[in-house]
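Please read them with the coordinates open.

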Amino acid sequence: MTPFRKVNLIVGWGVFLLATLTYLFTLEPTASFWDCGEFIAASYKLQIGHPPGTPLFLMIARVFTLFALGDVSKVAYMVNVMSGVAGGFTILFLYWSITHLGLRIFGQVKKLETPQ
């Protein structure tokens, strides 16, 4: 493993941890305004929300509602936890995408600068 790859992995997971903790510390314990309540209820009962229904979100949220251990008052909190963790993963993959594109761009510039 190259030193850049090792540092990229460590910093990426650090960014994920920092973002996820930020989301979790600022989490809403209940349903928010607009569609959140509908999505929480639909995921808890594994029903179809309004079209297009967002089936992947509802299935993943259903798995997180199982961590409420039958306590209906914790279902909204667990779905919000899922959203926070998903947001952390989004930032992780965004970081890795930016470093990958940056490496590709600067790698091509470096090749152009080498004398023939």
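1. Helices here are DSSP runs of H or I with at least four residues, numbered from the N terminus, and on that basis S43 is placed in helix 2. Please keep in mind throughout that this is a predicted model.

2. Is S43 buried or exposed? Its relative accessibility is 0%, and because buried means under 20%, S43 counts as buried. Apart from neighbours within four places in sequence, the residues in contact with S43 are L58, A61, R62, T65 and V79.

3. The packing of two helices is described by the angle between their axes together with the distance between those axes. For helix 2 and helix 3, the angle is about 70° and the axes lie 8 Å apart, so the two helices are roughly perpendicular to each other. Helix 2 contributes F39, A42, S43 and Y44 to this contact, while helix 3 contributes F57, L58, A61, R62 and T65. Sorted by class, the residues of the contact are six nonpolar, two polar and one charged.

4. With a relative accessibility of 77%, L69 counts as exposed, because the cut-off for exposed is over 50%.

Key. Residues numbered from 1 in each chain as written. Predicted model: local features only at pLDDT ≥ 70, side-chain atom pairs only at ≥ 80, totals over all residues. Heavy atoms only, no water. Buried < 20%, exposed > 50% of the residue type's maximum accessible area, 1.4 Å probe, protein only. Contact = heavy atoms within 4.5 Å. Axes fitted to C-alpha atoms, helices over the stretch in contact; angles between N-to-C directions. Parallel < 35°, antiparallel > 145°, perpendicular 65-115°, else oblique. Nonpolar A, V, L, I, M, F, W, Y, C, P; charged D, E, K, R; others polar.
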